Amino acid sequence: MRIGIPKEIKPQEGRIALLPRQVERLVQAGHRVFVESGAGRISRSEDREYEQAGAAILSGPAEVFAAAELIVKVKEILPPEYPLLRGEHIILTNIHAAMNREQLDTFLQVGLTAISAENTHRFGSPNCVLAGEVGALEAVRLCLACYGGTGRHFMGHFGESALKVLVLGLGNVGRGAVRTLLGLGATVIGLDVFEGARKAAALDWHDRRMIVGEIDELSNYLEDVDAVVNCVLWPKERTDHLIPREMLGRFKPGAVIVDISCDQGGAVETCRPTSWAEPVYEVDGVRHFCVDNIPGAVPVTASAGYGEALMDKILAIAAKGVVQACKDDPWLARGLTCAGGTLLLEEAARYQKREFTTVQEWLESR
Ligand SMILES: NC(=O)c1ccc[n+]([C@@H]2O[C@H](COP(=O)([O-])OP(=O)(O)OC[C@H]3O[C@@H](n4cnc5c(N)ncnc54)[C@H](O)[C@@H]3O)[C@@H](O)[C@H]2O)c1
């Protein structure tokens, strides 16, 4: 199969879908790989390394989209890329289709096959962990007085207690956040609706300054913390919020919300996605950090994890085609988003109130 790796065009996004060592595996399996010149530079992978791995370097995105059938990317397809799409394309990337109607409309009009990489990870996306770790670091930075924070040091010294951070959601992202915060010496309150997540956190951090509790306890801690880090996976169809706007009045002066989950109008009502170029905005005196591509700040590590997690899926699609690969791997099938103008991703259909065909029905008809 002809596999294309374009350069990411989202601002401050330096990840690349596959590193040279991963490209080499595809070439060894008999596939042709086309990489856009300079696509790996910020991830510290140069064109010559891709060439040594057996890829062809092409000068721009138009050349890569024209040469390849399977396009592997990290972030969503953005408007400048829309004219490059063709019906024969298979797009494998983080699509976030429910939140991105224009992109989905374009895919359906073009008739291409799209797979949401973010839905295909059986053991959680490796980049989620990094988002939690780096997002927590941002929470600590934004607590510094020079950035408008509460001015409390993350370690407890001279009789002053350490920074106190409320982490909502103890899944992949939440665990990463907790690991960073506790490592730095902060005190953490971790809340989750799921008993399994609470038990795991309590076991892992039994010897550290961590309180684990049910999400209903959120209100008890709000006035006392320097930062809230939201890592909850919020169902797109829910219209209520864990932190509605009126709660912002109860935050300590200088306290910050770092919303790693970053669902507009989700668990944090006042969240709207931001970029690394302008990461923070203020609502009712409370700063919000809502960067939606946090792992893009550590592209060297994030690219390695992303490519590794997708490798088997890319090899399967390239060897058997999308239909057989999805029949053989229910986790890959979970990512099927649309094909031939048919919407297949239930989550996007429900959120945008659109007609859809279930993945199972669609696969059975092939
Ligand atoms: N900003 C970024 O760059 C970035 C990067 C990666 C992931 N994310 C987002 O982070 C979020 C979390 O991802 P994840 O992989 O950790 O998911 P996950 O499923 O592993 O964890 C989510 C946790 O939230 C808990 N939860 C669900 N509903 C809850 C509720 N009402 N109250 C309290 N807890 C609740 C679950 O029990 C679970 O433990 C997702 O929305 C994901 O898209 C953002």
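The model shown is predicted.

View 1. Domain 1 brings 19 residues to the contact, and domain 2 brings 14 residues. On the side of domain 1 that touches domain 2, helix H9 (299–328) and helix H11 each supply at least two residues; H9 gives the most, with six residues. The residues on this side of domain 1 comprise nine nonpolar, four polar and six charged.

**View 2. The open sheet of eight strands.** The strand order is E3-E2-E1-E4-E5-E6-E14-E15, and the pairing is mixed. Strand E3 (56–58) and strand E15 (342–343) stand at the edges with a single partner strand each, so one side of each has no neighbour in the sheet.

**View 3. The pairing of E6 with E14.** Strands E6 and E14 run antiparallel and are joined by two bridges. Ile115 has Leu336 of E14 as its bridge partner.

**View 4. Helix H4 (residues 101–110) and its buried residues.** Gln103, Leu104 and Phe107 are the buried residues of H4. They lie on the same side of the helix because the arc they cover around the axis is only 95 degrees. Glu102 and Gln109, on the other side of H4, are exposed. The buried residues of H4 pack against strand E6 (113–116), strand E14 (336–339) and helix H11 (346–352). Gly111 follows H4 and has a positive phi, near 85 degrees.

Note on methods:
Residues are numbered from 1 along each chain as its sequence is written. This is a predicted model: local features need pLDDT of at least 70, side-chain atom pairs count only at pLDDT 80 or more; totals for chains, interfaces and linings use all residues. A residue is buried if 20 or more other C-beta atoms lie within 10 Å of its own, exposed if 12 or fewer, and partly exposed in between; C-beta atoms are placed from the backbone. Helices (H or I, at least four residues) and strands (E, at least two) are DSSP runs, numbered from the N terminus. The arc is that of the directions from the helix axis to the C-beta atoms. Two residues are in contact if their C-beta atoms, placed from the backbone, lie within 7 Å. Two strands pair if DSSP finds at least two bridges between them. Ala, Val, Leu, Ile, Met, Phe, Trp, Tyr, Cys and Pro count as nonpolar, Asp, Glu, Lys and Arg as charged, and the others, Gly among them, as polar.
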